[in-house]
Amino acid sequence: MKIYCLTPFFKRIFALAILLTVVLPRFAQSEEIGSVDTKFKILGANHKIVIEAFDDPEINNVTCYLSRAKTGGIKGSLGLAEDTADAAISCHQVGPIDVPENIKAGKTEGETVFKQRTSLIFKKLQVNRFYDQKRNALVYLAYSDKVVEGSPKNALSAVPIMPWH
């Protein structure tokens, strides 16, 4: 029986991987609900609008539905295309909501709850959550950013926190 030991290099890589899973912020994972084709492509997938759902990772009973453009063709099929900044969002209360105190204290720039890559490296679609204490509502902002220049295109959805029976 051979006993393998990790070299110092692989030990460092392994330690870094564990550290990143602990330190990195937790973002919601989406599930695809459906899609519609918007433009036929002879080679590769068609351009489409994809509808996804995700639950707020820190606030139980809030579900957001996100529609976004997805580029097709050969580049899109290989994951090399850059999707447009077009997106829409609709968030809803699906059960009783209890807002944690750390969120009630809130940041004015919001907290990122969802992030998805929309190009090979530099572009992301993000959803930030804000708490409107005066109106007792959660506000979700969807926008696209790029390392150098983002887009002013955005979408907004508000969830008034209501009693649940």
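Accessible areas come from the Shrake-Rupley method with a 1.4 Å probe, and for residues only the protein chains shown count as cover. By that method the surface of this chain comes to about 11200 Å², of which 60% belongs to carbon and sulfur atoms. The model is predicted: local features need pLDDT of at least 70, side-chain atom pairs count only at pLDDT 80 or more, and totals for chains, interfaces and linings use all residues. Residues are numbered from 1 along each chain as its sequence is written, and side-chain values use heavy atoms, with hydrogens and water left out.

**Overall fold**

- The chain has 3 helices and 8 strands; helices (H or I, at least four residues) and strands (E, at least two) are DSSP runs, numbered from the N terminus.
- Along the sequence, these elements follow the pattern α-β-β-β-α-β-α-β-β-β-β.
- Of the 165 residues, 32% count as buried; buried means under 20% relative accessible area, exposed over 50%, and partly exposed in between (1.4 Å probe, protein chains only).
- Among contacts (heavy atoms within 4.5 Å) with a separation of 6 or more, 47% join residues 24 or more positions apart.

**Salt bridges**

- Side chains of opposite charge can pair when their charged atoms come close.- A salt bridge is a side-chain nitrogen of Lys or Arg within 4 Å of a carboxyl oxygen of Asp or Glu, and by this rule the count comes to 7.
- E101 and K104 form one of them, at 3.8 Å from N to O. The two residues are separated by about one helical turn, because they are 3 residues apart in helix α3. E101 is exposed at 60% relative accessible area, and K104 is partly exposed at 31%.
- E111 and R129 form another, at 3.3 Å from N to O. E111 lies in strand β5 and R129 in strand β6, so the pair ties together parts that are 18 residues apart in sequence. E111 is partly exposed at 22% relative accessibility, whereas R129 is buried at 3%.
- D56 is linked with E111 and R129 in a network of salt bridges.
- K124 pairs with D145, the closest N and O atoms being 3.6 Å apart. This pair links distant parts of the chain, with K124 in strand β6 and D145 in strand β7 (residues 137-146), 21 residues apart. K124 is partly exposed at 26%, and D145 is buried at 18%.

**A buried loop residue**

- S119 is found in the loop between β5 (111-117) and β6, and counts as buried at 6% relative accessibility.
- Leaving aside neighbours within four places in sequence, S119 is in contact with A81 and E82.
- The C-alpha atoms of S119 and T84 are 9.2 Å apart, and the two residues are 35 apart along the chain.

**Cavity and pocket**

- On a 1 Å grid over the protein atoms alone, a cavity is a set of points where a 1.4 Å probe fits but cannot get out, and a pocket is an open set with protein on both sides within 12 Å along at least five of seven lines; lining residues have an atom within 4 Å of a point.
- Residues lining the largest cavity include R68, T84, D86, T118 and S144. By class, its lining has 4 nonpolar, 3 polar and 2 charged residues; Ala, Val, Leu, Ile, Met, Phe, Trp, Tyr, Cys and Pro count as nonpolar, Asp, Glu, Lys and Arg as charged, and the others, Gly among them, as polar.
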